[in-house]
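Student: Please take me through the aromatic pairs and the helix packing of the structure shown here.

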Amino acid sequence: MAESVTASEAMGHFEGSMANEPEKAEAELPVVRAFVAWFGAKRPMGELRGGDVSTYVKTKTDGAPADVEPLRAFLAYCSRLAFTPENLVPALGVGP
């Protein structure tokens, strides 16, 4: 069962996990922030579905690693902490 956190709270947790990697955070967090803003910062992460992720990737990114890799890291993090009901990384539609 997914823990009840908002997208904004999940992003805050993820940002905190990058405290020792400021260069990585500076490069990746803008991508994650854009995704969270698109999804809805106050929406529960438990509502996020694979179709949402796929739609975002198809309509809001060019599929480049710089656009997708930060989302992969964020979604994997959310899955590990049970913020999402399932692992949504496969919904990114890109290889490993």
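Student: Is Phe35 buried or exposed?

Tutor: This is a predicted model, in which local features need pLDDT of at least 70 and side-chain atom pairs count only at pLDDT 80 or more, while totals for chains, interfaces and linings use all residues. Residues are numbered from 1 along each chain as its sequence is written, and side-chain values use heavy atoms, with hydrogens and water left out. Buried means under 20% relative accessible area, exposed over 50% and partly exposed in between, with a 1.4 Å probe and protein chains only. Phe35 has a relative accessible area of 2%, so Phe35 is buried.

Student: How are the rings of Phe35 and Phe39 arranged?

Tutor: Rings of Phe, Tyr and Trp (its six-membered ring) pair if their centres lie within 6.5 Å; planes under 30 degrees apart count as stacked, over 60 as edge-to-face and the rest as tilted. For Phe35 and Phe39 the centres are 6.5 Å apart and the planes stand at 5°, so the pair is stacked.

Student: Which parts does the pair of Phe14 and Tyr77 tie together?

Tutor: The ring centres of Phe14 and Tyr77 are 5.5 Å apart with planes at 65°, so this pair is edge-to-face. Helices (H or I, at least four residues) are DSSP runs, numbered from the N terminus. The pair ties together parts that are 63 residues apart in sequence, because Phe14 lies in helix α1 and Tyr77 in helix α4.

Student: At what angle do the axes of α2 and α4 cross?

Tutor: Axes are lines fitted to C-alpha atoms, for helices over the stretch in contact, and angles run from 0 to 180 degrees between N-to-C directions. Angles under 35 degrees count as roughly parallel, over 145 as roughly antiparallel, 65 to 115 as roughly perpendicular and the rest as oblique. Helices α2 and α4 are therefore roughly perpendicular to each other. Their axes come within 8 Å, and the crossing angle is roughly 75°.

Student: Which residues of α4 make the contact with α2?

Tutor: Contact means heavy atoms within 4.5 Å. From α2, the contact involves Glu28, Val31, Val32, Phe35 and Val36. On the α4 side the residues are Ala66, Asp67, Pro70, Leu71, Ala73 and Phe74.

Note on methods. Helix = DSSP H or I, 4+ residues; strand = E, 2+ residues; numbered from the N terminus.
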